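This report describes selected local features of one protein model.

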Amino acid sequence: MTPTPAAHTGDATLGKAADENFPVAPFFLPRAWRGDLMAVYGFARLVDDIGDGDLTPGGGDARSLGLEPEQSDDRLALLDALETDLRRVFATTGEEPRHPLLRDLRPTVRNRALTPDPFLGLIEANRQDQKVRRYGTYAELAAYCELSANPVGRLVLALTGTTSPERVRRSDAVCTALQIVEHLQDVAEDLARDRIYLPAEDMERFRVTEADLAAPSAGASVRALIAYEAQRASDLLDAGPPLVGSVDGRLKLLLAGFVGGGRSALTAIAAAGFDVLPGPPRATKPSLLREVGTVLRRARGER
């Protein structure tokens, strides 16, 4: 990353890549791809940190976006300022982006001929998080995932020059699955932020109340609900092996890592007896490697 006077503002954000369910920019990728993927990840992580109120204390991000430090807790103002800075990334004239992560994103956008839509979708998803705290139906949740998760997969395809309608369709399914898995891992954390990403229609079906989700550990009804949603994510991840099988080389390993990451997280949730309330069940590295191997074997059979 090109050093900037405010580089420390983005370093903490990029450092979170190691905590994701899937490898963000693994070592086996070409150096240019790793740089581009980290540039896109930096933006996506920054948007989520703004939406979740997880920015590094001190107001550095607010200052970088041209806001006063006291506005560092105003999430909507930060998202508006971020969108303004994003438009500087795509502008051919005028001032350069202000935030160091967006300055680092600009060469990737230009070299890979990326469009603004996926980035704007991620911002809009986090605006929605400030206004929508509950989802009545799975269709509503899937529409949210269309903004919050699917743009990431589309950007990976665009960065690697492998976009096609069929790959986008399968990528969307995988990304929605990964978002659902993350929601299942973070039920307690989300509830502490007054957010529930479990469809109300499903909670009613399994007779789960919000009070049940606030308990220290899950009862039988909550476990049954989590198992149901986990199966839904698993079914979506079935789009992964054909997607992996449709590409070659190192990209195949990267996509297998994404799918295997989701599978290994689901394995961890199942191993916890679908009790996600004490804390997020996390996949182990051996489990991730096993799942990646399984995805690659299935992908060979899909060719």
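Does alanine 113 count as buried or exposed, and at what relative accessibility? At 61% relative accessibility, alanine 113 counts as exposed; buried means under 20% relative accessible area, exposed over 50% and partly exposed in between, with a 1.4 Å probe and protein chains only.

## Basis of the model

The model is predicted: local features need pLDDT of at least 70 and side-chain atom pairs count only at pLDDT 80 or more, while totals for chains, interfaces and linings use all residues. Residues are numbered from 1 along each chain as its sequence is written, and side-chain values use heavy atoms, with hydrogens and water left out.

## Positive phi angles

Alanine 113 is not a glycine, yet its phi is positive, at about 55 degrees. This residue is found in the loop between α5 and α6 (117–131). Helices are DSSP runs (H or I, at least four residues), as are strands (E, at least two), and they are numbered from the N terminus.

Phenylalanine 274, also not a glycine, has a positive phi of about 65 degrees. Its place is the loop between α15 (249–271) and α16 (285–302). With 24% relative accessibility, phenylalanine 274 counts as partly exposed.

## Packing of α2 with α5

Two packed helices are described by the angle between their axes and by the distance between the axes. Helix α2 (residues 31–52) packs with helix α5 (residues 100–111) at an angle of about 140 degrees, and their axes are 9 Å apart. α2 is therefore oblique to α5. Axes are lines fitted to C-alpha atoms, for helices over the stretch in contact, and angles run from 0 to 180 degrees between N-to-C directions. Angles under 35 degrees count as roughly parallel, over 145 as roughly antiparallel, 65 to 115 as roughly perpendicular and the rest as oblique.

On the α2 side, Asp36, Ala39, Val40, Gly42, Phe43 and Leu46 meet Leu101, Leu102, Asp104, Leu105 and Thr108 in α5; contact means heavy atoms within 4.5 Å. By class, this contact of α2 with α5 has seven nonpolar, two polar and two charged residues. Ala, Val, Leu, Ile, Met, Phe, Trp, Tyr, Cys and Pro count as nonpolar, Asp, Glu, Lys and Arg as charged, and the others, Gly among them, as polar.

## Packing of α4 with α6

Helix α4 (residues 75–90) and α6 pack at an angle of about 175 degrees, with 10 Å between their axes. The two helices are therefore roughly antiparallel to each other. Residues of α4 in this contact include Leu79, Leu82, Leu86 and Phe90, and those of α6 include Phe119, Leu120 and Ile123. By class, the contact of α4 with α6 has eight nonpolar, two polar and six charged residues.

## Cysteines

The structure holds zero disulfides, a disulfide being a pair of cysteine sulfur atoms within 2.5 Å. The closest cysteine sulfur to that of cysteine 145 is in cysteine 175, 9.8 Å away and too far for a bond. Cysteine 145 is buried at a relative accessible area of 0%, and cysteine 175 also counts as buried, at 9% relative accessibility.

Alanine 256 lies in helix α15 and counts as buried, at 0% relative accessibility. Its C-alpha is 5.5 Å from that of valine 292, 36 residues apart in sequence. Leaving aside neighbours within four places in sequence, alanine 256 is in contact with Val244, Val292, Val295 and Leu296.

Leucine 254 also lies in α15 and is buried, with a relative accessible area of 1%. The C-alpha atoms of leucine 254 and arginine 127 are separated by 30 Å, and the two residues are 127 residues apart along the chain.
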